[in-house]
Amino acid sequence: MDPKDKATHSPARAALLRLVPLALLLGALVALPRFSDMAFLNAMVLVCIAALYAMGYNLLWGQAGLISFGHATYFAFGASCTIMTMAAIERGSSFPTPLLPLAGGAASFLMGLVAGWFATIRTGVYFAMITVAITELVRAIVQRWDTMFGGEAGITSIRMAWGPIGFQKLIDVYYFTLAWTVIGILLLWFLQRSPLGTVIRGIREQEERVRFLGYDTHALKTLVFAISAGVSGMAGGLLAFTNESTNVALYEGAYSTTVLINTVIGGAGVFLGPVVGATLTTLFGYYVANLTYYWLLYMGLLFMVIVVCAPRGISGLGVDAFRRLRSDAPVPWGRIVRQAAGWLAMALGCIMTIELIGAVVQPSYGALARSSGVAWPPVRVFGISWMPASPLTLGGIALLFSFGALMLRDGVVTARRNVAKLAEAIAGKPEPGP
Amino acid sequence: MTSGQGPVLVLEDVAKRFGPIEVLTGINLTLSRGEKRALIGPNGAGKSTLFNLVSGRFAPSSGVIRLGEKRIDGMPAHQLNRMGLSRSFQITQVFGGMSLYENIYMAVMSRHGKRWSLLRSGRVWRDIAEQTRELIDYAQLTSLADRQASTLAYSEQRALEICMTVATGPDLILLDEPTSGMSRVEAANMVAFIGRMTEGRTLLMVEHDMDVVFGLADTISVLSQGQILATGTPAAIRDDPRVQDAYLGGSAH
Amino acid sequence: MDAFLVALLNGLVYGLLVFMVSAGLTLVFGMMGVLNFAHASFYMLGAYAAFLSGRYIGFWGGLIVATLAVGLVGLFSERLLLRKVRSFGHTQELLLTYGLFFVLEELVKLLFGPTPVAYRVPDELRFTAFTIGNSQFPFFRLLMGATALLMFFGTYAALRFTRIGLIVRAAVERPQMVSALGHNVPIVFSGLFAVGSALAGLAGAVAGMYYPTSPAMAHELGSIVFVVVVIGGLGSLNGALAASLLIGVMTSFAVGVESTFGDLFRALGLGGLALPGLEAVQFSSIAGVLPYALMLLVLLWRPAGFAGNRA
């Protein structure tokens, strides 16, 4: 399927080239608890959950070409149903604890069958709008149905031991989450490689053609939607299992947005791209969210930059870089350094601006100004005190932006050329639209 | 699948209106087994509409369409295909991201009823792979089998399109302007190619190029102002004065 | 009867408000196939802009400033952002406007905080327009309805009787054709985008006083607006109007209904169907669900929407 690189002479060698890094990565993940502290292990549990969620989500996008803007529903429903099953185990049900994510997955799969049947009546942007509306529908019901879903207080339960496994220690939870994430991703891999996977890709490319080859595309898309929902539900189940609680806030738009952003940042076109995105944003979020109130704003800005400048996401950039390395073309170090410097300057400028504005508009800042008698008291960013109104600060920010723009000018030209090339590649393939 | 010796396709009093505009009125048409029929007519005569009615894109406003014994008007496309009707598209619709082999493989899979499979093991999958190979060999596209479809030349993509149309094993093949956008030489090659690929099968096509029509069809129906003006052999149609009138004073397109 | 009339009027006013926001979205969508996810964010921006400027130049000035400012924001987002990704196709446009939606919400949180701001109906407009039975109908609601009606007729007239309107209508139907006829579709489109944004801004400026002005208002109205576009049909103003009014009136009446789900199940002879806790839930508390349920029904019955002929 990939255009044949001249270095990959045999398929066996190409497969090995892919498998070895993956095996090393898996080995590192298995060995992780030996080296890691609790906080990082905790973060990695969240990374696994986010990764599985994003992979389930990307089945719909990367394979079937359908972008859902309301996947939180299936994630959250999986969590709700898992916690209910956990509560049932607590009351004496014999449901085996290790299979809990399957309870969430199955529930979301069923819900996905119904929702997907409606949503896939239409394609393209209509599909997107319908997914939003269905999410709102479910959310409105769930938030009122307190006896079932626990309302804002949520439902709590505990992980019951199963045989010799207690599931009480973080390390148990980590291995449990990792195992289910790997199982889920393998499932998706086999689905992609299966004959059904081929048909699904066909639907993305030429739906009408697939229909005229005798396939019921509406039924197939409904199935894909349901599988995607089911895997997302499994991820939700893992979250419920880890937290031993859920609440209706999970049904809110934020969880639909996160998975979409993870997928875009990681890249929808590469199989493990969403894992890359989920890992980056989750780890950053885990450590950076404590440093700034505006973490979501930065994430949104990064998202927009990626959409405009690198539509195939970070993994797409990685694949391109890898191809270039293996070809004989010289590495354009000059351009790479210029671009990196440019983006760094832009990012610093943005962070300075946002943090300064954010601090200055706080009511407490006004109070401070009055009590201290200084019109513009200093603000701390990056551990340094800045005078927000001083020409030095403002000039510095302006300098960062202009330096960034200067460095990136060259990049913009190349990006335009790439855009033109990509557009050419896309032309002839109709976009999902009205 | 249709069976027996009866006609493959029958249209009875078929009409189609879009709002107040009557595009087709009282169309009667019968295709017998093995017949190769071309639909011709001036622009706006309703050829495309008729084609879309038969291929299941629109439902007729009134009238009956039968494939073999079964009524098919208003039936969804995928069911039509399973009943033995297959169509090509005027604007090439191949799966650009897949190899030529995979394109045809998907069509053969559908013929074997393998539309939901997660596994690729068992006898039937060997058959599917074998038949895919056979068809590619027969079409003389073997050297292109591993090429990604979007990298094929236009005429090769058209050939692939025809191959996929044939690969679902249909009783009736509908071709929508199979040589549109091709040069003289390419069109002539395409006529030979289609002739070989559809040997012994029933064919209904819409085509502008008269060389192609006379090269492929053994009967021709002329459509004018939403009605069938005449049906007959190419020679009879060529000499029919009404047809020459319809085509602006005799100049054949 | 009085309660009925009041509920009807309230519903119509809310419906007209929804229409004000939907109109721009559906026209832009019909003309270029761009679904602007951030359209409802412009509605939110309108409310904040009017709140901010109204402090200095009064209520009416605030309305005008909000309309113009949001129109400009719309114009810039089309020219500086959307154009950049046009060649990638609709998916990328959709993602970009979604990013914009997200960033605008976070920006508003940055500047004004996550909780509603005190944007209220000015005192001189707080009086009763008329009384129906025992129910008073506040003047401000009347003003909201009147603004929306004025806008509807204005838009309709502009589309119907001006040359630009003709181009827009034609371009919604057949974009390539209009461009082939030598009209500068991109310019007309930018203009339409700006006007649509400005209308959303005006709607926000008017409605923000009545409903809470908070960063969440974009999300709340946005999903309703999508429902309107799906139900109304592609690029159809009439369809959007019908859908908006229907949703407004439906929601307004549902709020007044005191029955519960239990009553419904019993009425349907399904009294035994004991879904835990659901029978005590009142319809009025989930009136917000109705638009979405209506959308699902319309999808079943007429997938292309009320006025849709192009799927």
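## Basis of the model

Domain bounds in this report come from an automatic or database domain assignment. The structure is a predicted model, in which local features need pLDDT of at least 70 and side-chain atom pairs count only at pLDDT 80 or more, while totals for chains, interfaces and linings use all residues. Residues are numbered from 1 along each chain as its sequence is written, chains are lettered from A and ligands numbered from 1 in the order in which they are written, and side-chain values use heavy atoms, with hydrogens and water left out.

## Domains of chain A

Chain A is assigned domain 1 (27-299) and domain 2 (332-426). Taken over C-alpha atoms, the centres of these two domains of chain A lie 35 Å apart. Contact (heavy atoms within 4.5 Å) links 4 residues of domain 1 with 6 residues of domain 2.

The two domains of chain A bury about 410 Å² between them, with 60% of it on carbon and sulfur atoms; buried area is the accessible area (1.4 Å probe) that two parts lose on being put together, summed over both. On the domain 1 side, A:Y294, A:L297 and A:Y298 lose the most area to domain 2, together 90% of what that side buries.

## Interface of chains A and B

The size of an interface is often given as the accessible area lost when the parts come together. For chain B and chain A the buried area is about 2,600 Å², of which carbon and sulfur atoms give 60%. In this interface 35 residues of chain B are in contact with 24 residues of chain A.

The rule finds 3 salt bridges between chain B and chain A. A:R209 forms a salt bridge with B:E161, with 3.0 Å between the closest N and O atoms. On the side of chain B that touches chain A, helix 2 (77-82), strand 6 (85-87), helix 3 (100-111) and helix 5 (154-167) of chain B each supply at least two residues; helices (H or I, at least four residues) and strands (E, at least two) are DSSP runs, numbered from the N terminus. Helix 3 of chain B gives the largest share of that side, 5 residues.

## Salt bridges and burial

Over all chains, a search of the whole structure finds 20 salt bridges. In chain B, the side chains of B:R37 and B:E35 meet in one at 2.8 Å, N to O, and both B:R37 and B:E35 are buried. Buried means under 20% relative accessible area, exposed over 50%, and partly exposed in between (1.4 Å probe, protein chains only). B:R242 forms a salt bridge with B:D240, the closest N and O atoms being 3.2 Å apart. B:R242 counts as partly exposed because its relative accessibility is 45%, whereas B:D240, at 14%, counts as buried.

In chain C, C:K109 and C:E105 form a salt bridge with closest N and O atoms 3.7 Å apart. Both residues lie in helix 3 (residues 90-112) of chain C, 4 residues apart, about one turn of the helix. C:K109 is partly exposed at 27% relative accessibility, and C:E105 is buried, with a relative accessible area of 16%. Elsewhere, A:E207, A:R211 and A:K221 are joined into one network by salt bridges that share partners.

Methods:
Salt bridge = Lys/Arg side-chain N within 4 Å of Asp/Glu carboxyl O.
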